[in-house]
Amino acid sequence: MLALIYFIILGGIAVGSALCVLLSRHPLYGAISLVVTMVSLAGIYGLLGSPFIGVVQIMVYAGAIIMLLTFVIMVLNGARDSRTPMFDRVSLFVFPAILILAALLAFALLSSGISFDPSAAKVSVELTSKNLFNVNSDGPGYYLLFEGIGLLLLSAMVAAVLMAKKNLSSKNLENNEEEI
Amino acid sequence: MELHASYIQILALALFAIGIAVALTRRNVFFVLMGVELSLNAVNLSFIGFAKTLAFEASIAGQIVPLFTIAIAAAEACVGLAMIILIFRSQDSMDIDNYSNMKG
């Protein structure tokens, strides 16, 4: 009963701030609403018994991704059309399509009859690390994915630096202030 | 009244629908990125909600995969924002309708 009350409160906050993202005018307000969504989703993860994923959610999403997004929004705020009209004519077709999709999926979910298994694992830090770094040959092998994620993050960082930097040579360092 | 497993999925579905709506209907390019992030969050929530319906051994996988999804989302946001800066430098606009002439 108490879990349901907490879930309704946190889910209401999450859906409400997601609607704020949909309806806000300036992208900065949308980013702030997105932080509220991320934090309430982290609360739902803790409520479901995965506190480690909730903490990672707050650290990576609310801490890193939205911070980067807010930084770029503030840097590029001088655009002449930072207040473009919100919706165009395509939305007339997109909104009914999304509503139909959501209704069909909700019908399928409600008729599927899934229920919680009380023996489901509460993934703590210990259990996560034990599974993630299990290097036995008969283990799940998540450590290979982990190494792949490391390579992916490194290549994404290099790609971002290569794309966003205007010229890679370090000759004219005094012109750096003009770069966006 | 107890917390039922399908309520989690309904919440994830609502967030996913709102995220897709944001990504498809808004014209500012930052809202498109934010809609994609919102959809990724909804998929994570769905993963964990379904993982809780399985037995002990099987439910661990559904709670480790969201960690990888979060890392992929971080890489995607990093590259996406760098691309926005790059496009903004040549187009001087944040309206995605102005980005439709990217032909090399």
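**The largest nonpolar core**

Let's start in the middle. The largest nonpolar core counts 63 residues, and the ones with the most contacts inside it are Leu69(A), Leu15(B), Met34(B), Leu38(B) and Leu45(B). On the chain A side, the elements giving two or more residues to this core are α1 (2-23), α2, α3 (51-75) and α6 (142-164), and on the chain B side they are α1, α2 and α4. The most comes from α2(B), which puts in 12 residues. The core also draws on both domains of chain A, with at least three residues from each of domain 1 (1-114) and domain 2 (118-180).

Before going further, a word on confidence: this is a predicted model. Its scores are ipTM 0.89 and pTM 0.88. For chain B the average pLDDT is 87, and 97% of the residues score at least 70.

Now for α2(B) itself, the element that gives the most to this core. This helix has 23 residues and spans 34 Å from its first C-alpha to its last, close to the 33 Å expected at 1.5 Å a residue. It is mostly covered, too, with 19 of the 23 residues buried.

Zoom in on Leu38(B), one of the residues with the most contacts inside the core. If you skip its neighbours within four places in sequence, Leu38(B) is in contact with Ala18(A), Val21(A), Leu34(A) and Thr37(A) from chain A, and with Leu15(B), Ile18(B), Gly19(B) and Val22(B) from chain B.

Chain A brings 78 residues to it and chain B brings 65. In chain B, α1 (5-25), α2 (29-51), α3 (56-59) and α4 (61-91) each supply at least two residues of the side that touches chain A. The largest share of that side is from α4(B), at 21 residues. Sorted by class, the side of chain B that touches chain A has 47 nonpolar, 10 polar and eight charged residues.

On to chain A as a whole. Chain A has six helices and zero strands, so the pattern along the sequence reads α-α-α-α-α-α. Of its 180 residues, 23% count as buried. Taking contacts in chain A between residues at least 6 apart in sequence, 48% join residues at least 24 apart.

Chain A splits into domain 1 (1-114) and domain 2 (118-180). Where the two meet, the contact takes four residues from domain 1 and six residues from domain 2. The domain 1 side of that contact divides into two nonpolar, two polar and no charged residues.

One last stop is Gly43(A), which sits in helix α2 (residues 27-48) of chain A. Is Gly43(A) buried or exposed? Gly43(A) is buried because 20 other C-beta atoms lie within 10 Å, and 20 or more is what the cut-off asks for. Its partners, leaving aside neighbours within four places in sequence, are Leu10(A) and Gly54(A). Gly43(A) also pairs up in space with Gly11(A): the two are 32 residues apart in sequence and 9.4 Å apart, C-alpha to C-alpha.

Key
Residues numbered from 1 in each chain as written. Chains lettered and ligands numbered in written order. Predicted model: local features only at pLDDT ≥ 70, side-chain atom pairs only at ≥ 80, totals over all residues. Helix = DSSP H or I, 4+ residues; strand = E, 2+ residues; numbered from the N terminus. Buried ≥ 20, exposed ≤ 12 C-beta atoms within 10 Å, placed from the backbone. Contact = placed C-beta atoms within 7 Å. Nonpolar A, V, L, I, M, F, W, Y, C, P; charged D, E, K, R; others polar. Core = buried A, V, L, I, M, F, W, Y, C linked by C-beta atoms within 7 Å. Domains from an automatic or database assignment. pLDDT = per-residue confidence, 0-100. Expected span 1.5 Å × (residues − 1).
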